[in-house]
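Please keep the sequence and the coordinates at hand while reading.

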Amino acid sequence: MIQAGVATALDVRGEASFATEHLPGATVLNASDLRATVNEVSGQVAPADVAQSVFEAAGIAPSDALIVYADGNGTDPARVVWTLAYYGHTGPVWMLDGGLDQWTAESRGVEAGGEAAGGSAYPTAVVEQLWVDEQWVLDHLDDPTVTLVDARSDAEFSGGHIPGALSVDWVRNLARDGLFLPVDELRALYGDPADEQTLVSYCQTGSRASVDWLVLTLLGYDDVRIYDGSWSEWSSDPTNPVE
């Protein structure tokens, strides 16, 4: 059981699912509340003031130890972990491998009812080095110290991708049981890039890219970022190069 005062379980499935069942002592936010449409590209990270209000409504503070989860290892919990990091969360943050599905499969206790804790203060502090834009990608297409990682499906990648990108469909990070692969298998999946590489993940609108970002961060790489506009933004400009 997660002990009160040690870590807070953060349920990112939304209020309805939370009311049905959740980890003991958990608080709730809806992952979609941390997304926004920016320059006609949907699914981008919400502005700082919006993220601040979402975090405060959930009752979390920047120094809190958090265990983020959804039903399983989907894109939402990884995206929330990245968003917390982007907005300067200083406490340790983990994603619960397998989520609530794995928790209940192991016959662990749950609670029902309740609501978000609320009442906290969450001043945001943007960590710019976790995010890149279209111009940054254009400026680094031929940079040997930068590796782009495409988290979309093989079919999407084959249909067109940013030049030089490595294809790692986000679901390939998962074993047949839905849990993350062992660390050595994950490292091999990404070709064991050099430690000094800047690794930038992208997908269609930044959701699936968050899983690849999370895994690369788990593997200990120091400079891992997300191109949040991703393929939606890149492909909308006919002057951008495509492979």
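A residue is called buried under 20% relative accessible area, exposed over 50%, and partly exposed in between, with a 1.4 Å probe and protein chains only. The model is predicted: local features need pLDDT of at least 70, side-chain atom pairs count only at pLDDT 80 or more, and totals for chains, interfaces and linings use all residues. Residues are numbered from 1 along each chain as its sequence is written, and side-chain values use heavy atoms, with hydrogens and water left out.

By these cut-offs D192 is partly exposed, at 47% relative accessibility. D192 belongs to the loop between α7 (183-189) and β10 (198-202); such helices (H or I, at least four residues) and strands (E, at least two) are DSSP runs, numbered from the N terminus. Although D192 is not a glycine, its phi is positive, near 50°.

A positive phi in a residue other than glycine also occurs at N39, where the angle is about 50°. N39 sits in the loop between β3 (35-38) and β4 (41-45). These two strands form a hairpin with two residues between them. Two strands are said to pair if DSSP finds at least two bridges between them; β3 and β4 do so over three bridges, in the antiparallel sense. N39 itself is exposed, with a relative accessible area of 69%.

In general, the strands of a sheet pair through backbone hydrogen bonds, either parallel or antiparallel. Here four strands follow the order β2-β1-β5-β6, with parallel pairing. The edges are formed by β2 (27-28) and β6 (93-95), each of which pairs on one side only. Within the sheet, β1 (residues 8-11) and β5 (residues 66-69) run parallel and are joined by four bridges. T8, for example, has L66 in β5 as its bridge partner.

The last element considered is helix α8 (residues 207-218), which has 12 residues. After α8 comes G220, whose phi is positive, near 100°.

Key:
Expected span 1.5 Å × (residues − 1).
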